[in-house]
Amino acid sequence: MAPLFYIFAALAILAALSVVLQRTPVYSALSLIVVLCSLAVVYLLLGAEFLAVVQVIVYAGAIMVLFVLVIMLLNASPEAPTDRSRVAKYLGAPLLAVFLGEILYAVWKHYPPASTVSAPAMGGAPRAIGELLFRNYVLPFEVTSILILVAILGAVVLAKKQL
Amino acid sequence: MVPLAHILALSVILFGLGVAGFIVRRNIITIFMCIELMLNAVNLAFIGFSRYLGNLDGQIFVFFVIVVAAAEAAVGLAIIIAVQRHRESLSIDDFNSMKM
Amino acid sequence: MAMPSSLPFTLFLILAKVAVVLLVLLTTVAYAVWLERKVVARIQSRWGPYLVGPHGLLQPLADGLKIFFKEDFVPAEVDRVVFWLAPFVAFSLALLSIAVIPFGESITIAGEIVRFQITDLNVGLLFVLAVTSLGVYGVALAGWSSNSKYPLLGGLRSSAQMISYELSLGLGLVSVVMLAGSLSLREIVTAQHALWNVFKQPIGFLIYFIAAVAETNRVPFDLPEGESELVGGFHTEYSSLKFAMFFMAEYANIVTVSCLATLLFFGGWLGPVFGPPLLRSLLPVFWFGLKVFGFLFVYIWIRGTLPRFRYDQLMAFGWKFLLPVGLLNVLVTGLILAMRSS
């Protein structure tokens, strides 16, 4: 079980690097799909089976399709490399590494690996999520349906050629 | 079992890569994709904590984050399409004035 | 899923199951092509293939060999990575959903109870939906990477059609899940031992089947790849092995959808069972195969009979008719279930 997590974590990191570093937008989108699917496997390994499948259906299968279709429609061409700031080029990556290192250090101190290894197997089963969603969280659930309606209307109006 | 620190480490690395991409890249759509990467890193952290604390509320939160990300992606891409029609360009260097 | 005593044995069992299922699936795909050509030919008052082997039964073999020897022509302006990737994505996704489909109850081999299913996920139905929604990429990427008018149009239209009918597909499934109370395919079948779901959910079945025909890009919804409209649609620029992969992916999708339709609405492997234990294990598989064959025949029958929808009629039908009817069906089912349980 544990080696699978590290394999898919490594895959997710490699794909995320590809998202950030690729010049062509379509390749970035495809790499992001790989990230989403490897994260879905990680969710499965962590016991969130319903969310893993929802992630694939909604995120990788609908949102990213939207991204890919928009990239195709707008004919996004590969980015030309810009040379605007030497400071950014030489200081950027090291500063990012320092920033990440600090956060990782704080996390490691707060949740030492040895003490947080075991956890009870809990159901991410659809029934459990459904019960929680429709009992405790029914108000946010209904509000998000209105949110989605507003988003649909907004997207249709904004993308029209003339109102 | 995977220690919580490792899950959070993965989440932090993905989030950092998302921030880096958001700041460095010039193409709007790629910037948008780095935002989605950051959202996913946060989702992973939620699920990690939900597993460690034995509480399903984290997963419900992830559910709502996914829904909101979907709505945001739809509207954001519609805005990008509309703006590209006016400016004929997808590079944020060209979007540097408030006036269309 | 209960783990037998040894890990190597489990691994061997799973690999053996995967090999057998893939072999059967690929043979079924090859002979589905033969079946289609024969049935459509008979509908059109002609013979169809009958020269190669008795009644043309070796025709798929001849076609396969022919495809291997064709020149693999890659146009100059294509995006090479994505052009190469698209057929692989389409084909592997088409083969993936067979992993959760149960063909029968179980069989006892050497004292171990082996189920006729590669794996029984408790979110099995959602897994199939996930694979279906990822299937849009094969088409969209093929259309875009070909860098040519007809494939681009075909690819965009096809992906828009697939996304639209995914919703109705899901709604058709929701009512079945409400009746069975579970997302596991095995449990949905066992919940039908009293009465098949097609009698409890006739509208749900129609919605599911129409949406499935649209999802698999088949007549009457095959405008994106209709020959007289768009040359070949999204696979115009493909040849030889890559084209064969798209072709096989389409038929594998049809087989998967037929399997799902029998599992969800026609009782899967349920049917009269009698005789010694070996026969008892194999008869359900036979009934399952018979029902899937029936659905394949209906698919091909529809192809031979109906004309093609125009694109705007297709989209209007999906959004303005099928989706509201699906929602209404879910509402009425929920209402009846709630009244029955109170």
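**Exercise 1.** In what order do the elements of chain A run from the N terminus on?

*Solution.* Before we start: this is a predicted model, where local features need pLDDT of at least 70, side-chain atom pairs count only at pLDDT 80 or more, and totals for chains, interfaces and linings use all residues. Residues are numbered from 1 along each chain as its sequence is written, while chains are lettered from A and ligands numbered from 1 in the order in which they are written.

Step 1: know your terms. Helices (H or I, at least four residues) and strands (E, at least two) are DSSP runs, numbered from the N terminus.
Step 2: count them. Chain A has six helices and zero strands.
Step 3: write the order, which is α-α-α-α-α-α.

**Exercise 2.** Describe how chain B meets chain A, counting two residues as in contact if their C-beta atoms, placed from the backbone, lie within 7 Å.

*Solution.* Step 1: 68 residues of chain A are in contact with 55 residues of chain B.
Step 2: look at who supplies chain B's side. Helices α1 (4-24), α2 (28-53) and α3 (57-87) of chain B each give at least two residues, and α3(B) gives the most, 21 residues.
Step 3: sort that side by class. You get 42 nonpolar (Ala, Val, Leu, Ile, Met, Phe, Trp, Tyr, Cys and Pro), three charged (Asp, Glu, Lys and Arg) and 10 polar residues (the others, Gly among them).

**Exercise 3.** Now do the side of chain A that touches chain C.

*Solution.* Step 1: here 15 residues of chain A are in contact with 15 residues of chain C.
Step 2: helix α3 (residues 49-74) of chain A brings the largest share of chain A's side, 12 residues.
Step 3: by class, that side has 13 nonpolar, one polar and one charged residues.
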